[in-house]
Amino acid sequence: MSTSGNAVLKLKGIEAGYGRIQALMGIDLEVHEGQIVTLLGANGAGKSTTLKTISGLVRARAGSVEFMGEDITGKNAHQIARSGLVHVPEGRHILRGLSVKENLELGAFTVSDAKLRQTRMQEVFDLFPILGKRQHQDGSLLSGGEQQMLAMGRALMHGPKLLLLDEPSMGLAPKLVLETMRIVKRLNEAGTTILLVEQNARLALRLAHYGYVLESGAIRMKDEAARLQADKSIVQAYLGE
Amino acid sequence: MTAFDVVMQQIVNGLVLGSFYALVALGYTMIFGVIKLLNFAHGDLYMVGGFVGFLVLSAISGITGGGWTGVAISMFLSMIAVGCLGVVIERVAYHPMLRAPRLSILITALAVSLVLQNTVLSITHGQYTAFGADFGFGGVNLGNVFITYNQMILVGIAAFLMIGLEVFVSRTQYGRAMRAVAIDKDMCQLMGINVSGVIAVTFLIGSALAAAAGTLAGAYYGSVWYFMGFLIGLKAFTAAVIGGIGSIPGAMLGGLILGFLEAFGTQLPGIGSEWKDVFSFAVLILVLVFKPTGLLGKSEQERM
C-alpha cells in the first residue's frame with residue numbers, strides 16, 4: 001500500500017467500546033516503519049479509542065493488533081509500553097506534584113540502565129531547552145505548551161519504536177501548534193515512526209505520509225496524505241473545513 | 001518538678017506516642033494514595049503485627065533474650081509476615097472491588113477489620129497477652145527527667161523506618177512510580193509501570209510499618225490484645241487527615257502533632273489522661289472544618 005518499510009503496526013478488524021456503546025466497528029490500519037500516519041475525523045469518530053485500543057488501555061472486543069510482527073491484542077498496557085509502543089494521551093497527563101525531571105525519569109521507567117537514562121534526558125533537554133531550565137519545577141505548573149513538550153520528552157525517554165500522539169496541539173496557541181508540528185517532523189526524521197491523531201487536519205496532512213479518515217467508528221477513506229490533501233471534497237466533507 | 005521538667009517529659013512521651021501514630025498513619029495515607037481507600041483494617045494489621053511479634057519473641061527469647069536484639073528480630077519478622085498478609089488482603093478482598101462503587105470497598109475494609117479482630121479474639125479468648133520483652137531500666141537523667149534507653153531506641157527505630165521510606169519514595173525509580181500511581185494510573189501504565197504490582201508493594205510496605213509499630217508497642221507497653229488496633233487505627237486516620245491524606249510527610253507530621261497534643265493536653269490543669277482522645281478528635285474536627293486538605297495536603301486541581 002505504501003512507500004516505505006515494513007508494517008510496524010497492523011490493525012485487523014478492531015472492534016472496541018465502552019459498556020453498551022460500540023465505538024469502533026472494525027478498523028483496519030497499518031503504519032509502516034519510518035512513516036508518519038495520521039488518523040483524522042470529527043469529534044467522537046473514535047480516534048482516541050483507536051489509540052487506546054492499540055496501547056491496551058481499552059480492550060479490543062474483536063480483531064487483532066500486531067506490533068513489530070507480534071500479536072499484542074489483549075496484553076496489559078504496561079506490557080505493551082515495555083515493548084516500545086509509547087502512547088502520549090490526549091490532555092498530556094503530566095504527573096502533578098512531581099518535578100519536570102521526575103516526570104522525565106518516569107518516562108524511562110522501563111530503562112534500567114541509569115547511564116542511558118542520563119543520556120536520553122540530555123537529549124530531551126537539547127530538544128526542549130525550556131525543560132532543562134525548569135527541571136526542578138512541578139511539572140503541572142508549566143504552561144500548556146511546555147507541558148506538551150514535557151509529555152513528548154517523557155515519551156522520548158522511553159526510546160519509542162512507535163509513538164502514538166493524541167492531539168498534541170490541543171489547546172495551544174497557533175505559534176505553539178506550528179512548533180509542536182515541527183518537533184513531530186523532527187522526531188520522525190530522526191527515525192521515529194509516528195501515528196498522529198490531530199484535529200488540525202490540514203496541518204496533519206502536510207506532515208504525514210499517509211492518512212486515514214475515521215467516521216462513526218469506521219475507516220471511510222485512506223490514501224497518501226498528499227492525495228487526501230488535494231481532494232477538496234474530502235477535506236470539506238470529513239474534516240469540516 | 002519544674003515546668004521545664006514537665007515540658008521535657010512530655011516531649012519524650014509525645015515523641016514515643018507520635019512515633020506509633022506516625023508509623024500506622026503512613027500505611028493509611030499510602031494506601032489511600034494509591035487506591036483511594038480508607039483502609040479501616042489498617043489498625044488491625046498493627047494488632048496482628050503485635051501478636052506476630054509476640055509469637056516470634058516467645059520462640060526466640062530463649063536464644064536472644066527479651067532485650068532489644070530479640071525485639072528487633074521479632075519486629076523484622078513480623079514486618080515480613082504482616083506485609084505479606086497485607087498483600088493477600090489486597091489481592092483477595094480489595095482488588096476485585098477496585099472498579100466497584102467506593103462505598104463497597106469501604107464496607108469490605110470494615111469486614112476485613114472484623115475478620116482480623118475476631119480471628120485473634122477467638123484464638124486468645126480476648127485475654128491480654130503479656131509480651132515477653134525484658135529491657136531493664138537503664139536510661140539517662142536530664143535534670144529531673146528520666147529518659148529510658150527504651151524510649152530512645154524506640155524513637156530511633158521509628159525515625160529510621162520513616163527516613164528509609166522517605167528516601168525510597170522520593171529518590172528511587174520505584175518510589176517515584178508509587179507517587180505516580182497515586183496521581184494517574186492510566187498514564188503510569190502507558191509508561192510501562194505495572195500498576196497492580198505497585199499497589200501490592202504499597203500494601204506490603206504500609207502493612208509492614210503497621211506491624212513494626214505493633215511489635216514495638218507490645219514490647220513497650222508490655223502486652224497485646226485483640227482490640228488494641230481499634231483506637232490507634234482511628235488515631236492514625238486522624239493523623240493522616242491532619243497531615244493531609246495521601247501525603248507521606250503529612251502522615252509523619254500528623255502523627256507527631258497528635259502525640260505531642262495528647263502528651264501535653266493531659267497536663268493542663270483539671271484535665272486527666274482520660275481526655276486525651278477528646279483532644280485528638282477535636283483537632284480532627286477543627287482540621288476538617290478549617291483546612292480539609294490537611295496541613296501538607298494539596299487540593300485537587302487540574303490545569304488545562
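**Entry 1: α3 and α4 of chain B**

I looked up which residues join α3(B) to α4(B). B:Ile89, B:Ala93 and B:Tyr94 in α3(B) meet B:Ile105, B:Thr108 and B:Val112 in α4(B). I sorted these residues by class and got five nonpolar, one polar and no charged. I keep in mind that this is a predicted model.

Next I checked the geometry. α3(B) covers residues 68-94, and α4(B) covers residues 102-124. The two helices pack at an angle of about 130 degrees, and their axes are 11 Å apart. I therefore call α3(B) and α4(B) oblique to each other, since an angle counts as roughly antiparallel only over 145 degrees. The crossing of α3(B) with α4(B) is right-handed.

**Entry 2: α1 and α2 of chain B**

I moved to α1(B), residues 3-35, and α2(B), residues 42-64. Their packing angle is about 140 degrees, with 9 Å between the axes. α1(B) and α2(B) make a right-handed crossing.

Which residues of α1(B) meet α2(B)? I found B:Val24, B:Gly27, B:Tyr28 and B:Ile31 on the α1(B) side. On the α2(B) side I found B:His42, B:Gly43 and B:Tyr46. By class, this contact has four nonpolar, three polar and no charged residues.

**Entry 3: α1 and α9 of chain B**

I then looked at α1(B) against α9(B), residues 228-243. The angle is about 70 degrees, and the axes are 8 Å apart. That makes α1(B) and α9(B) roughly perpendicular to each other, because angles of 65 to 115 degrees count that way.

I listed the contact residues. From α1(B) come B:Phe20, B:Tyr21, B:Ala22, B:Val24, B:Ala25, B:Tyr28 and B:Thr29. From α9(B) come B:Ile232, B:Lys235, B:Ala236, B:Phe237, B:Ala239 and B:Ala240. They divide into 11 nonpolar, one polar and one charged.

**Entry 4: α8 of chain B**

I tested the length of α8(B), residues 195-221. At 1.5 Å a residue, its 27 residues should span 39 Å. The C-alpha atoms at its ends are 39 Å apart, so the two values agree.

Is α8(B) mostly covered or mostly open? I found it mostly covered, with 20 of its 27 residues buried. After α8(B) comes B:Gly222, which has a positive phi near 95 degrees.

**Entry 5: B:Thr266**

I picked one loop residue. B:Thr266 lies between α10 (248-265) and α11 (276-290) of chain B. I counted 16 other C-beta atoms within 10 Å, so B:Thr266 is partly exposed. Being buried would take 20 or more.

What does B:Thr266 touch, leaving aside neighbours within four places in sequence? I found B:Ile271, B:Gly272, B:Ser273, B:Trp275 and B:Lys276. I also looked back along the chain to B:Leu256, 10 residues away. The C-alpha atoms of B:Thr266 and B:Leu256 are separated by 16 Å.

**Entry 6: chain B against chain A**

Last, I looked at where the chains meet. 19 residues of chain B are in contact with 21 residues of chain A. On the chain B side, the elements giving two or more residues are α6 (173-183) and α7 (185-190). α6(B) gives the most, with six residues. I sorted the chain B side by class: nine nonpolar, four polar and six charged.

Methods:
Residues are numbered from 1 along each chain as its sequence is written. Chains are lettered from A and ligands numbered from 1 in the order in which they are written. This is a predicted model: local features need pLDDT of at least 70, side-chain atom pairs count only at pLDDT 80 or more; totals for chains, interfaces and linings use all residues. Helices (H or I, at least four residues) and strands (E, at least two) are DSSP runs, numbered from the N terminus. The expected span of a helix is 1.5 Å times one less than its number of residues. A residue is buried if 20 or more other C-beta atoms lie within 10 Å of its own, exposed if 12 or fewer, and partly exposed in between; C-beta atoms are placed from the backbone. Axes are lines fitted to C-alpha atoms, for helices over the stretch in contact, and angles run from 0 to 180 degrees between N-to-C directions. A crossing is left-handed if the near helix is turned anticlockwise from the far one by less than a right angle, and right-handed if clockwise. Two residues are in contact if their C-beta atoms, placed from the backbone, lie within 7 Å. Ala, Val, Leu, Ile, Met, Phe, Trp, Tyr, Cys and Pro count as nonpolar, Asp, Glu, Lys and Arg as charged, and the others, Gly among them, as polar. Angles under 35 degrees count as roughly parallel, over 145 as roughly antiparallel, 65 to 115 as roughly perpendicular and the rest as oblique.
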